[in-house]
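Open the structure in your viewer and keep the selection panel at hand. The tour goes from the whole chain to one residue.

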Amino acid sequence: MNRQVPNPKANKNILFITYLVVAAFACMIGYFGYFLQFRGETVINNSYNARLDRFADRIVRGELQSGDGRVLARTEAVGKSEQRSYPYGEVFAHVVGYSDYGKAGLEALANFYLLSSHMNLIERTVNELANVKNIGDNVVTTLNVDLQQTAYDALGGRKGAVVVMEPDTGKILAMVSQPGYDPNTLKENWDALISGGNTQAQLLNRAAQGLYPPGSTFKIITILEYIRENPNTWRDFTFQCDGRYECGDYTISCYHGNVHGSQTLEQAFANSCNGAFAALGQELDPGKMHELAEQLLFNKELPLPLAYNKSSFVMNSGADTWEVLQTSIGQGATQMSPVHNAIITAAVANGGILMKPYLIERVENGMGEEIHRFRPEAYGNLMTAQEADDLAGLMQKVVTEGTGSAVRTDSYTVAGKTGSAEFEAGRETHAWFTGFAPANDPRLVVTVVVEEAGSGGQVAAPIARGIFDRYFEISGGP
């Protein structure tokens, strides 16, 4: 009788296939675990995922609350239906958002948590069997009602935006955009709000989605590049200002033709001397300036959870004289959002380290028990600690000796930068202020832009001052 001799090659093939199947199965199990841990929430929260609609059929959408537990959005029963209610109306409209006609703001960001329920398991089971909706979890935000109301009132109905955040944590405490809308009457006003004839753009969150020429607030970046290119001699810069700077066929004027006279770099920054910064810009490498702008997140994704528009910086190697002159003073093609300006300011205040901005503090069930807490997280270094310290010192001089005098007070110290940004011939400039306080131990960043309001020092800075005052009043002082 013949015995069949095993084929070693066939055995190896079988073993290879076995290992391959086992490896594929292990990869599938690994990805399934990864998906549940890291990707499941994102997919479920996607607006195209119909599963969310089924959640809403079984769960009463939870509340959005301020940091101290005041209700910013809740679901109320109206007959046999439900209606979302916003107790503060227009004040929180853009940052809280809405949940009709799609979702926006925190209503979109926190959607998964608001449509989840962590009530007692027995209670949830009984409700499911009785076809009764369970109570959704509540989301406690980082927002502060007092600061939000202060910023809203200070804007006074003028078009613009305010961003308030903690530089050492990244918490956004207030985010205001005007003109706004009342989310309680969104259904009635929706057609008018999206009408092609509506030029007010009330649905636009100007704080994150509005793009403006940064004007002289951009000089923070220009001077940072000058410091980098001239690390040992940057303090030696001097300029004689007669109100105009001429370079070939081009002329750059200081705001309202102000004559600043002899200026050191520190004085030129404090007085926001356009002539000095136009001259300074001629000494810089446009390519390196572009690299710095991108390091500071121009043309890049921001670590911001809300919908936003990217800031834009286009000057590069080979830029012509006019582009260099304009870009150096924050004009030309450069575009920046208020929240991006606040982010850079926060990095300066925090020793060069940017903390990721965030808006959700924690998630609680309907009984107030904590389900999940969000922690501060560092994004990375936007600049060195020495660079941040140099900029902070320069910004403090803006307040003590220059254009930021409207935020000067004996109660606390402020470091900041004003700006008056031209955007269209024959129209008034946008007014900017960005800064932090206390200057030597920063706890709060405030960035303000007011459209077509004129001088940043005269219009935007007083708004920031009111917010700083209110913050230190409610927090027990600087």
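**Whole chain.** Show everything as a cartoon; this is a predicted model. The cartoon holds 17 helices and 19 strands. Turn the view along the principal axes: the C-alpha atoms fill a box of roughly 105 × 75 × 50 Å.

**Surface.** Of the 478 residues, 50% count as buried.

**Charges.** Colour by charge next. The chain has 38 positive and 52 negative charges, and their mean positions lie 9 Å apart.

**Contacts.** Go back to the cartoon. Among contacts in the chain with a separation of 6 or more, 66% are between residues 24 or more positions apart.

**Strand 18.** Select residues 430-437, which make up strand 18, and find T434 there. Is T434 buried or exposed? Its relative accessible area is 0%, so T434 counts as buried, the cut-off being under 20%.

**Around T434.** Show side chains. Which side chains make polar contacts with that of T434? One is T345, joined to T434 by a polar contact of 2.6 Å. Another is T447, where the polar contact with T434 is 2.8 Å.

**Last selection.** Leaving aside residues up to four places away in sequence, T434 touches T217, I220, N341, A342, T345, M395, A415, G416, K417, V446 and T447. Select these residues together with T434 to display the surroundings of this buried residue.

Note on methods: Residues numbered from 1 in each chain as written. Predicted model: local features only at pLDDT ≥ 70, side-chain atom pairs only at ≥ 80, totals over all residues. Heavy atoms only, no water. Helix = DSSP H or I, 4+ residues; strand = E, 2+ residues; numbered from the N terminus. Buried < 20%, exposed > 50% of the residue type's maximum accessible area, 1.4 Å probe, protein only. Polar contact = N/O pair within 3.5 Å; in protein donor to acceptor, adjacent residues only side chain to side chain. Contact = heavy atoms within 4.5 Å. Lys, Arg positive; Asp, Glu negative; His and termini not counted. Charge placed at Lys NZ, Arg CZ, Asp CG, Glu CD.
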